[in-house]
Amino acid sequence: MSEITEKKKVLSCIQPSGMLTLGNYLGALKNWVNMQEEFDCTFAVADLHAITVRQEPAKLRSQIYSTYAIMLALGLDPEKSTLFIQSQVPEHTALSWLLSCNTQFGEMSRMTQFKDKSAKHADNVNVGLFSYPVLMAADILLYKPDFVPVGADQKQHLEIARDIAERFNRIYGDVFTIPEAYIPKTGARVMSLQDPEKKMSKSDENANAWVAILDDKDTIIRKFKRAVTDSDNRIIVSEDKKGVSNLITIYSAVTGKTSSEIEKEFEGKGYGDFKLAVGEAVADELAPIKANYERFISDKAELERLFKEGAQSAERVARKTYFKAMKKVGFVL
Ligand code: TRP
């Protein structure tokens, strides 16, 4: 049966990190998995972006493998979606040069992530860190996606990608599709378990503040038992109960229950019971992912076969867009 209407296209990328967190999972990756049926999806490991801060080569290499393996382990399916590693498709860096020459120094200087990161890595404020959003624009524009799922911290970068695309099209003629941000119906903003005012982050010094996708059951339950709450012992969503609200968000994202169902479920119960239930639900959700991961990461040859195939199919799409842009600018092909 041939499809009459083509599926809308989606693109997103994630930086290779050895320690993807429950926040990455519930905030982004779980949605990618759900989007595979409805959309024509392309997902990549954004390894080129990772070297905007100093990386140890051996560690970077193993993190690229493990991030790709986690993507597979979650249920991203190379039969349904294009899954590849950014640096294996050279059109990303090539297009980013064309885009750089059509991006203003002033607009890049306003990027809040650049300001934050250059303050944090004051000894290495490299030009790549500055032009990071241009590479991200290339990642996006090469695949002409309709939608780009991104978290709040990447919204500004998506905006600039749209600006760059519009400007390029205006100057040279129509090349790029203008992408929209995709805000998923479900998708949780997961906060630190130790300081619920802050986003859950693997760079938190306090290891109890975050749960890794690959943590084992005991570790997960221990971290939830230690999660910061308050002294009022009521399990309800409330502005002044950020810790408890965060746990409800997590439990809801994992079980699919609504906040009010959860409030009812735990009425009259204490935080001890609740934290244990959240810990167990999270551990049960992550256990099969961890098991799949162990399987994928132990078969390097198969992983390599999959990411090479992914890069080839990504490049077929990327090359067309790149050549078109080159031609429009006046290069000889
Ligand atoms: N900058 C994104 C992040 O750190 C990762 C990224 C790179 C990305 N290229 C992208 C996200 C293209 C969406 C689309 O989270």
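A cavity here is a set of grid points where a 1.4 Å probe fits but cannot get out, and its lining residues have an atom within 4 Å of a point. With that in hand, welcome to this predicted model. The tour starts at the largest cavity, lined by residues that include Phe114, Leu129 and His157, and then visits three helix pairs: H6 with H7, H7 with H8, and H1 with H10.

**The cavity**
- The count comes to one cavity of 30 Å³ or more, and the largest cavity has a volume of about 40 Å³.
- Its lining is made up of Met111, Gln113, Phe114, Lys117, Leu129, Tyr132, Pro133 and His157.
- H6 and H7 are the elements that give two or more residues to this lining.
- Sorted by class, the lining of the largest cavity has five nonpolar, two polar and one charged residues.

**H6 against H7**
- Helix H6 spans residues 112–120 and helix H7 spans residues 127–141; their axes lie 10 Å apart, at an angle of about 160 degrees.
- Because of that angle, H6 is roughly antiparallel to H7.
- The crossing of H6 past H7 is right-handed.
- H6 brings Gln113, Phe114, Lys117 and Ser118 to the contact, while H7 brings Leu129, Phe130 and Tyr132.
- Four nonpolar, two polar and one charged residues make up this contact of H6 with H7.

**H7 against H8**
- H7 also packs with helix H8 (residues 155–172), at an angle of about 70 degrees and with axes 9 Å apart.
- H7 is therefore roughly perpendicular to H8.
- Here, too, is a right-handed crossing, that of H7 and H8.
- On the H7 side the contact uses Tyr132, Pro133, Met136, Ala137, Ile140 and Leu141; on the H8 side it uses His157, Leu158, Ile160, Ala161, Ile164 and Ala165.
- By class, the contact of H7 with H8 has eleven nonpolar, one polar and no charged residues.

**H1 against H10**
- The axes of helix H1 (residues 22–38) and helix H10 (residues 242–255) come within 11 Å and cross at roughly 50 degrees.
- That angle is why H1 counts as oblique to H10.
- H1 passes H10 with left-handed geometry.
- Leu22, Leu26 and Lys30 of H1 meet Ile250, Ala253 and Val254 of H10.
- Five nonpolar, no polar and one charged residues form this contact of H1 with H10.

Notes
Residues are numbered from 1 along each chain as its sequence is written. This is a predicted model: local features need pLDDT of at least 70, side-chain atom pairs count only at pLDDT 80 or more; totals for chains, interfaces and linings use all residues. Side-chain values use heavy atoms; hydrogens and water are left out. Axes are lines fitted to C-alpha atoms, for helices over the stretch in contact, and angles run from 0 to 180 degrees between N-to-C directions. Helices (H or I, at least four residues) and strands (E, at least two) are DSSP runs, numbered from the N terminus. Angles under 35 degrees count as roughly parallel, over 145 as roughly antiparallel, 65 to 115 as roughly perpendicular and the rest as oblique. A crossing is left-handed if the near helix is turned anticlockwise from the far one by less than a right angle, and right-handed if clockwise. Contact means heavy atoms within 4.5 Å. Ala, Val, Leu, Ile, Met, Phe, Trp, Tyr, Cys and Pro count as nonpolar, Asp, Glu, Lys and Arg as charged, and the others, Gly among them, as polar. On a 1 Å grid over the protein atoms alone, a cavity is a set of points where a 1.4 Å probe fits but cannot get out, and a pocket is an open set with protein on both sides within 12 Å along at least five of seven lines; lining residues have an atom within 4 Å of a point. Grid points are joined across faces, edges and corners, and a volume is the space filled by probe spheres set on the points.
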